[in-house]
There are 2 protein chains.
Amino acid sequence: MAKRDTKSRILDTAERLFARSGFDAVSLRNIIAAAKVNLAAVHYHFGSKQALVHAVIARRLRPINEERLAKLAEARAKAGRRPLQLEHVLDCLFRPLFRVQADPKAGPTFGRLVGRVMGERNVGLHKFMMSELAEVIIQFRTAFEAALPGLPREEADWRSHFMAGAMAHTLCNADLLARFTGTDADASDYESTVRRLIDFTAAGFRARVSPPPKNARAKRKPKRT
Amino acid sequence: MAKRDTKSRILDTAERLFARSGFDAVSLRNIIAAAKVNLAAVHYHFGSKQALVHAVIARRLRPINEERLAKLAEARAKAGRRPLQLEHVLDCLFRPLFRVQADPKAGPTFGRLVGRVMGERNVGLHKFMMSELAEVIIQFRTAFEAALPGLPREEADWRSHFMAGAMAHTLCNADLLARFTGTDADASDYESTVRRLIDFTAAGFRARVSPPPKNARAKRKPKRT
DNA sequence: ATTTAATTCAAACGACTGTTTGAAACAGGC
DNA sequence: GCCTGTTTCAAACAGTCGTTTGAATTAAAT
């Protein structure tokens with residue numbers, strides 16, 4: 001069987017190092033040194049560093065997204081005609097993602113990795129990520145609208161944006177909280193994290209839309225000379 | 001006076017390029033080519049690339065943090081004995097930061113830059129950022145506690161964390177919203193952004209703390225359905 | 001005008017990057 | 001045994017990176 005596990009070793013090691021230091025900061029030589037494989041093996045099995053990055057992400061993100069969609073569909077079926085509750089929709093979105101942090105095989109590394117991607121400016125990586133998330137975005141957008149009757153679509157989109165930020169930042173810096181505040185941010189206790197995140201974002205989604213300030217400039221464009 | 005503006009040209013150009021592509025992705029040679037200065041000028045004026053990054057951040061972040069603290073102190077003085085309202089505290093935190101996006105001199109570039117830093121894994125940069133934000137964190141943490149009587153400190157810290165994520169993500173990807181949803185995310189209309197962010201995060205802070213699920217590991221739990 | 005200090009410049013430094021190459025080591029089928 | 005296709009390996013490729021150097025240029029001071 002020789003070293004048939006070379007591909008997996010590269011994936012595992014790359015995931016760990018990428019999560020710790022970011023995609024650009026980790027070189028292929030760092031990876032192959034830690035994984036104890038040959039440098040050319042990366043290009044043999046994956047083709048390029050970019051493709052390796054995509055493989056690392058897709059390996060774990062694809063099952064997560066499938067589970068998200070499955071749980072959402074199941075919840076929808078169980079609700080029947082009644083509208084789906086916002087908290088349930090959020091649970092379908094958060095839980096599959098945060099559960100991998102408790103998975104001893106993946107550890108907390110992959111969570112940070114996903115959180116990191118959202119802040120990436122790499123155009124190719126961003127497009128890849130968006131194509132992976134496309135169906136999830138579509139399905140959950142309509143689910144949010146259904147769970148939030150009366151909320152203008154523009155406000156719903158902004159609040160989805162805020163929610164995504166809270167989620168990503170929590171994933172990426174889960175350890176920060178423990179370090180700075182002394183709070184016990186035990187990664188294995190992902191149930192509490194999900195609950196807290198749902199409490200916060202559900203209330204944010206349901207917030208009353210406050211009127212714009214009176215002295216704000218109206219929508220008309222001030223004509224400049 | 002020769003080219004006394006070399007230092008400023010480097011700062012401005014570096015800020016623009018860093019915001020567009022990130023700190024690691026932009027090389028000193030990219031900067032000096034765009035700024036039309038000599039390569040060694042960077043090390044002459046700043047000492048190293050790391051120091052340049054710090055200078056770019058500190059130049060705009062320091063006044064912002066001073067304004068944050070000043071506005072908070074002013075609001076506290078004006079409130080007298082009465083407790084400060086949560087929305088006012090959030091306004092003191094968000095407005096000075098988002099206002100620079102409307103500043104034609106800084107443009108929307110710096111906002112993205114600050115948003116990016118929060119997702120950075122560079123240890124040195126992270127420590128620098130935290131030392132810059134230390135006083136702001138301390139002051140606003142106590143302000144949040146005062147505005148949220150009864151909320152356990154642990155929950156308050158988690159929610160501050162979520163809020164920071166929403167804020168950073170909004171700064172970093174303000175343009176994304178417009179691109180993907182068709183919503184008009186006009187950067188000049190920072191008033192609306194601040195209002196929306198306050199609506200969302202204030203409601204999140206005030207959310208009822210839901211009890212942990214029944215089959216979770218025992219701790220302490222009121223019973224509720 | 002001469003001296004002194006501050007700034008700019010072209011060129012090079014060593015180290016590191018992702019990628020390619022061509023030969024060696026291995027696998028299973030016959 | 002030989003053969004065929006897959007996988008591993010050491011070495012080199014062509015760039016780019018941040019940083020340094022020492023001389024040339026400019027500004028200010030005497």
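Modeller: Along its sequence, chain A reads α-α-α-α-α-α-α-α-α-α. That gives 10 helices and zero strands. Helices (H or I, at least four residues) and strands (E, at least two) are DSSP runs, numbered from the N terminus. This is a predicted model: local features need pLDDT of at least 70, side-chain atom pairs count only at pLDDT 80 or more, and totals for chains, interfaces and linings use all residues. Residues are numbered from 1 along each chain as written, chains are lettered from A and ligands numbered from 1 in written order, and side-chain values use heavy atoms, without hydrogens or water.

Now the close look, in chain B. Helix α4 (residues 49–79) packs with helix α7 (residues 123–147) at about 5°, with axes 10 Å apart. Axes are lines fitted to C-alpha atoms, for helices over the stretch in contact; angles run from 0 to 180 degrees between N-to-C directions. So α4(B) is roughly parallel to α7(B). Angles under 35 degrees count as roughly parallel, over 145 as roughly antiparallel, 65 to 115 as roughly perpendicular, the rest as oblique.

Who makes the contact (heavy atoms within 4.5 Å)? From α4(B), the residues include B:Val53, B:Ile57 and B:Leu61. From α7(B), they include B:Phe128, B:Leu133 and B:Phe140. The contact residues divide into 13 nonpolar, six polar and five charged. Here Ala, Val, Leu, Ile, Met, Phe, Trp, Tyr, Cys and Pro are nonpolar, Asp, Glu, Lys and Arg charged, and the others, Gly among them, polar.

Note on methods:
Contact = heavy atoms within 4.5 Å.
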